[in-house]
Amino acid sequence: MIEVTKLNGSKVLINAELIESVEETPDTVISFVTGKKIIVKESRQEIKNLVILYKRDFMTTGLSWLTPDEKKEQL
């Protein structure tokens with residue numbers, strides 16, 4: 001999940017795995033594979049950086065919220 005800011009200033013967590021595209025029109029529009037769209041204050045580059053950080057964190061920590069036994073079951 002990454003945190004973004006809607007145009008009204010409210011923060012929302014979005015699933016980075018469901019992002020299909022990010023456009024600047026000039027507002028930044030995030031389109032999801034579900035067909036939904038959200039307009040946010042962050043730039044396209046900031047969204048890209050947030051997704052990279054999210055994926056890097058996920059790759060280094062794995063499923064950190066699971067216990068060791070639960071991780072074994074996931075494998």
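A residue is called partly exposed when its relative accessible area lies between the 20% below which residues are buried and the 50% above which they are exposed. This definition applies to the legends below, which describe a predicted model.

**Figure 1. Overall arrangement of the predicted model.** The protein contains two helices and five strands. Along the sequence, these elements follow the order β-β-β-β-β-α-α. Of contacts between residues at least 6 apart in sequence, 32% join residues at least 24 apart.

**Figure 2. Surface and interior of the protein.** The protein has 75 residues, of which 24% are buried.

**Figure 3. The salt bridge between Glu17 and Lys55.** One salt bridge is found in a search of the whole structure. This salt bridge joins the side chains of Glu17 and Lys55, with an N to O distance of 3.2 Å. Glu17 belongs to the loop between strand S2 (11-14) and strand S3 (19-24), whereas Lys55 is part of helix H1 (residues 44-61), so the pair links parts of the protein that are 38 residues apart in sequence.

**Figure 4. Exposure of the two salt-bridge partners, Glu17 and Lys55.** Glu17, the partner from the loop between strands S2 and S3, has a relative accessible area of 43% and is therefore partly exposed. Lys55, the partner from helix H1, is likewise partly exposed, with a relative accessible area of 35%.

Notes:
Residues numbered from 1 in each chain as written. Predicted model: local features only at pLDDT ≥ 70, side-chain atom pairs only at ≥ 80, totals over all residues. Heavy atoms only, no water. Helix = DSSP H or I, 4+ residues; strand = E, 2+ residues; numbered from the N terminus. Buried < 20%, exposed > 50% of the residue type's maximum accessible area, 1.4 Å probe, protein only. Contact = heavy atoms within 4.5 Å. Salt bridge = Lys/Arg side-chain N within 4 Å of Asp/Glu carboxyl O.
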